[in-house]
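Here is a short report on one model. Have the sequence and the 3D view open as you read.

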Amino acid sequence: MAGPGQADPRPLSPHLQIWKWHWTMAGSIFHRVSGVGLYGGSFLIGAWLIALATGPEAYKFVEMIAFSLPGQLLLFLWSMAVLYHFANGLRHLIWDGPMVGFKPGVASLWSMFNFAFAIIGAAVIWSLASFF
Amino acid sequence: MTTSAKTVRGLGAAGAGTQHHIRQRVTALALVFLVPWFLYSIIHACKAGYEGALIWVAQPVNAILLILTLSAALYHMRLGMQVVIEDYIGKSGTRQALLILNTFAVIALAAATILSVLKIWFTAGA
């Protein structure tokens, strides 16, 4: 072990900023990012439910925020985070259960699919929700 | 799932065994079924306005599924946030404080939201 004031001459392990981004890495990072986002989002969904139980004025206030432009944007991001975390979480269960999908090619494709699922899925849900 | 006592007795550096991992998976498994229902329902409830949303929550099946979704999701996210805190917060005091805050925040949210569902359900029936 290096003493005080003396730099350790051994090379450092690679840090995040010098890694070449690839699909499986992005897939893993966004699982955590979407999870943390959903943690915050659940407090907003909770606020909706609490307002509904509180009364019409409280509900009107939450509705006003939810239907504003920032509110709609936040809800769209929330739906994307739900779909991504759902798809990638299903993949985690498949990894842990039947233990398939570890081959590099398959793993990369699967990551791409999960991102596409989240983006296209959110777009489909929002267009369906505004039509019906 | 059992592991031989000899191997788990020490519990390693984390101070905990496989229980956390298994619970994260079991709640995930429940959410595989609950989340699609929740997404479909919440959109309908939100579009129905105040009265419509009340009627929706007051349906027994919806109230039960809502409480199950809340319980599974909140437990799942408490476990998830715990790992994030343990990974990134090195200082022991800060880490302990955040871990406790995580637990408090999630339990407070669970209590408030589940009581809200029950309140709507009971008042609609009266």
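## Helix α3 of chain A

This is a predicted model. Its α3(A) has 28 residues and reaches 40 Å from its first C-alpha to its last. That is close to the 40 Å expected at 1.5 Å a residue.

Part of α3(A) is buried: Ser79(A), Met80(A), Ala81(A), Val82(A), Leu83(A), Tyr84(A), His85(A), Phe86(A), Ala87(A), Asn88(A) and Gly89(A). What covers these buried residues? The cover includes α1 and α4 of chain A, together with α2 of chain B.

## Chain A as a whole

Chain A holds 4 helices and 0 strands. From the N terminus on, its elements run α-α-α-α. Why is chain A called more spread out than a compact globule? Its radius of gyration is 21 Å, well over the 14 Å that the globule rule gives for 132 residues, so the chain is more spread out than such a globule.

The C-alpha atoms of chain A fill a box of roughly 65 × 40 × 30 Å along the principal axes. Buried residues make up 22% of its 132 residues. Take the contacts in chain A between residues at least 6 apart in sequence: 68% of them join residues at least 24 apart.

## Where the chains meet

On chain B, 24 residues are in contact with 21 residues of chain A. Four helices of chain B each supply at least two residues of the side that touches chain A: α2 (19-47), α3 (49-58), α4 (60-88) and α5 (92-125). By type, this side of chain B divides into 19 nonpolar, 3 polar and 2 charged residues.

The largest nonpolar core has 35 residues. Which of them touch the most other members? They are Leu52(A), Leu83(A), Val57(B) and Met77(B). In chain A, α1 (23-54), α2 (56-66), α3 (69-96) and α4 (104-131) each supply at least two residues of this core. In chain B, α2, α3, α4 and α5 each do likewise.

Leu83(A) is also one of the buried residues of α3(A). Met77(B) touches Leu38(A), Tyr39(A), Ser42(A) and Val106(B), not counting residues up to four places away in sequence.

## A helix pair in chain B

α2(B) and α3(B) pack at an angle of about 145°, with their axes 6 Å apart. From α2(B), the contact uses Ser41(B), His44(B), Ala45(B) and Cys46(B). From α3(B), it uses Gly52(B), Ala53(B) and Trp56(B). The residues of this contact divide into 4 nonpolar, 3 polar and no charged.

Terms used. Residues numbered from 1 in each chain as written. Chains lettered and ligands numbered in written order. Predicted model: local features only at pLDDT ≥ 70, side-chain atom pairs only at ≥ 80, totals over all residues. Contact = placed C-beta atoms within 7 Å. Nonpolar A, V, L, I, M, F, W, Y, C, P; charged D, E, K, R; others polar. Axes fitted to C-alpha atoms, helices over the stretch in contact; angles between N-to-C directions. Core = buried A, V, L, I, M, F, W, Y, C linked by C-beta atoms within 7 Å. Buried ≥ 20, exposed ≤ 12 C-beta atoms within 10 Å, placed from the backbone. Rg over C-alpha atoms; globule rule 2.2 N^0.38 Å. Expected span 1.5 Å × (residues − 1).
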